[in-house]
Each structure stands twice: as structure tokens, then as C-alpha cells.
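Student: Could you take me through one part of this structure at close range? I would like to follow the side-chain contacts step by step.

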Amino acid sequence: MNNGIIIVATNIIDFYNSACYLAETIKDYAPNFNVTLFTEKKFLNSKSKIFDNVITDIPKHQNFRVNVRTKLWCMANSPYDTTLYLDADMEVVHSEFTTVFDHIKDNDMLWTRITKDREYAFVGTEFGDVTFTIHGGLCLYKSSAKKFMMDWYKLWVKQSNGEWWPGTKDQYPDILKRFDQFGLWWLLNKESDKYKYLKYDFFE
């Protein structure tokens, strides 16, 4: 099976620099892991040599709000059979990282959970009828989940362009329009029948 890691660094050069540093820490512990960078041509320099693959053919929208979640399109277009998506502002600090792909088991997607002791790190976790439990900064997933990722991206485009929003303000406050996590929550909770074929869980 073709395993690999994707990192997305668009819009701001700082994300690119962070992604290069993250790749260095990955290679420190797992030099044989394949790492793909999704980025913009204008950012590329000698640092990009750390990556096994660089992809710059990424859609751009006039609406900047769409572009700030380019990662959703990239997750859907991963070149790997089993993919670990990591936010660019991360760092690998332990050799246990080398076992990360073993955790997928029979799941299609594996996420990290938002826990009570980490709530301080988020804008919020409960908004009206919505409770966020999935942290979107890290996801391990199989090719079977790529269509779901693309659906998530398309929903985000509609959400950002004001073409889609469900319910009332009491149900779904306007602040949620800022979050791609809302689309993730919606698909898994309100359109779950459509994705019965997917099994997802959380890292321990």
C-alpha cells in the first residue's frame, strides 16, 4: 500500500516556511516516509528539496475565504492510498511517529478528538445545536474517504460564497460560517446516510 504525508502551505509564505520545518522533523524520525507539499510556485526555493513531491496546480478563487481552506481540496487530491494530513504549523517530536500509519486499521478516517482539557485552544466547541468533537489539524485516511473530502471542499466553497447555509441563527449561529469544521460536522451528522460506507474513529 502506498502511504504518504501531505502538508498544505498556501496564501502566506510563513506557512511555507513552517511546512519545510515540519518536513525536516518528519524526516528526522521517519526518513523513508513520502511527504508531498501542496503550495504555490511563488513560494518555492531550495528548502522544497526536503519534499518527495511538490504540487502547485491548486485552484484559486476570487473569494479569499475559500482559499484559506485550500487544504480540503488537497486532502481530496492526495497522491497516496493512505494519507496522513498534517497542518503546516506542527512538529514531530517523538520516534513513535513512525507507527502512525498502523493506527488506521479498518477505519476509513482517523481524527484527533477535541477534549475538555484542550478547549482553551479553540474559539469554541459548542454553538447552539452544534458540538465540535473532531480537530481538523490532523487526519489519517484511506482513498475511500477522498470523495468525502471533495464533498467537504465543495460545501466549504458554497458556504464561503454565501450559497449555502442551513437552519436558523438559533440553531447555527453566524460565527459558524467562518469554520470549515461546520461543514465537516454537517456532513457527518446531518448527511450521515450518504456516507454509511465510511467508518471513522479517533486516535487514542
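Tutor: Happy to. In this predicted model, Trp164, Trp165, Tyr172, Phe182, Trp185 and Trp186 form one aromatic cluster. Let's start inside that group with phenylalanine 182 and tryptophan 185. Their rings make a stacked pair, with 5.7 Å from centre to centre and 25 degrees between the planes; the angle falls under the 30 degrees that stacking requires. Both residues belong to helix H5 (residues 180-189), and because they are 3 residues apart there, about one helical turn separates them. Are they buried or exposed? Phenylalanine 182 and tryptophan 185 are both buried.

The structure as a whole has 21 aromatic pairs. Another of them joins phenylalanine 127 and phenylalanine 132: the ring centres are 5.7 Å apart and the planes meet at 55 degrees, so this pair counts as tilted. Phenylalanine 127 and phenylalanine 132 are buried as well.

From helix H5 we can follow the chain into the loop between H5 and strand E9 (200-202), where lysine 194 lies. Lysine 194 forms a salt bridge with aspartate 151, and the closest N and O atoms are 3.9 Å apart. Since aspartate 151 sits in helix H4, the contact ties together parts 43 residues apart in sequence. Aspartate 151 also forms a salt bridge with lysine 147, this time with the closest N and O atoms 3.0 Å apart. With a relative accessibility of 14%, aspartate 151 counts as buried. Lysine 147 is partly exposed at 47%, and lysine 194 is partly exposed, also with a relative accessible area of 47%.

How many salt bridges does the whole structure hold? A search finds 10. Among them is one between aspartate 87 and lysine 71, with 3.8 Å between the closest N and O atoms. Aspartate 87 is in the loop between E4 and E5, while lysine 71 is in helix H3 (residues 70-76), so this bridge links parts 16 residues apart in sequence. Here aspartate 87 is buried, at 19% relative accessible area, and lysine 71 is buried at 12%.

The charged end of arginine 113 sits over the ring of phenylalanine 202, 3.9 Å from the ring centre. Arginine 113 also has a bridge partner in strand E8, namely isoleucine 134. Strand E5 (residues 109-113) and E8 run antiparallel, joined by 5 bridges. E8 itself (residues 134-142) is mostly covered, with 7 of its 9 residues buried.

Definitions and conventions
Residues are numbered from 1 along each chain as its sequence is written. This is a predicted model: local features need pLDDT of at least 70, side-chain atom pairs count only at pLDDT 80 or more; totals for chains, interfaces and linings use all residues. Side-chain values use heavy atoms; hydrogens and water are left out. Rings of Phe, Tyr and Trp (its six-membered ring) pair if their centres lie within 6.5 Å; planes under 30 degrees apart count as stacked, over 60 as edge-to-face and the rest as tilted. Buried means under 20% relative accessible area, exposed over 50%, partly exposed in between (1.4 Å probe, protein chains only). Helices (H or I, at least four residues) and strands (E, at least two) are DSSP runs, numbered from the N terminus. A charge sits over a ring if NZ of Lys or CZ of Arg is within 6 Å of the ring centre and within 35 degrees of the ring normal. Two strands pair if DSSP finds at least two bridges between them. A salt bridge is a side-chain nitrogen of Lys or Arg within 4 Å of a carboxyl oxygen of Asp or Glu.
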